[in-house]
Amino acid sequence: MSLHRDAQAVLTGWSAPTAEEELLRKEFLDHLHAHDDAMWRACVPGHLTATTAVLSHDGARVLLTLHPKAGMWLPMGGHCESDDLSLSRAALREATEESGIPGLVLLDGPLALDRHQVWCHPPHSWHLDVEYGAVAPAGAEAVISEESLDLRWFPIEEIPELSDEATRRLARRARERLHAG
């Protein structure tokens, strides 16, 4: 199965928890239908991306990266690559690369959708973000990659103001999914 078909299957089968995300789900599916290259950064109007909230083993904290372009504390994530076989694998790959933590365990997902303006194709384009959660092993230590200015663990209820509501929502949903078993 191609990554494009996987994304269609994932989004078709996903039950959006809010009316806003249901609209996004339909928009993402329409985008996939209209663009054969919808999974790749080269898709100028926008492209699907994979994001992951990395939680501590007990779900009390979330690891956030200080994103160099956005200047905000955000979850791990980014563009799909040609060897990604699924959105979930892309999400896990991005989380592992950006956190430096081996052995992350991906939670069932996706957990959320988000659409945000980015700078991939000036003056701007869109990331159509499919969002997941993952759990780090006990005692995991993050390693800052070249894609980050800083990495820090934050209590989920204390995500800094220099973040956004989508990050807070994803962290809460990941914790809920972890505790639901």
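Two strands pair if DSSP finds at least two bridges between them. I kept this in mind while reading the model, which is predicted.

**Entry 1: strand E7.** E1 pairs with E7 in the parallel sense, over 10 bridges. Within this pairing I located Ala 53, which stands opposite Gly 133 in E7. Strand E6 (residues 112-118) runs antiparallel to E7, and seven bridges join them. Here I found Val 118 opposite Ser 125. Strand E5 (residues 105-106) also pairs with E7 in the antiparallel sense, over two bridges. Val 105 stands opposite Val 135.

**Entry 2: Thr 52.** Is Thr 52 buried or exposed? Its relative accessibility is 0%, so I recorded Thr 52 as buried, the cut-off being under 20%. The side chain of Thr 52 reaches the backbone oxygen of Ala 91 at 2.9 Å. Leaving aside neighbours within four places in sequence, I listed residues in contact with Thr 52, among them Tyr 132, Gly 133 and Ala 134. The contacts of Thr 52 also include Pro 75, Met 76, Leu 106 and Leu 170.

**Entry 3: cysteines.** I searched the whole structure for disulfides and found zero. Cys 80 is in no disulfide, and the nearest cysteine sulfur, that of Cys 43, is 12 Å away. Cys 43 counts as buried because its relative accessibility is 1%. Cys 80, at 7% relative accessibility, counts as buried too.

How values were computed: Residues numbered from 1 in each chain as written. Predicted model: local features only at pLDDT ≥ 70, side-chain atom pairs only at ≥ 80, totals over all residues. Heavy atoms only, no water. Buried < 20%, exposed > 50% of the residue type's maximum accessible area, 1.4 Å probe, protein only. Polar contact = N/O pair within 3.5 Å; in protein donor to acceptor, adjacent residues only side chain to side chain. Contact = heavy atoms within 4.5 Å. Disulfide = S-S within 2.5 Å. Helix = DSSP H or I, 4+ residues; strand = E, 2+ residues; numbered from the N terminus.
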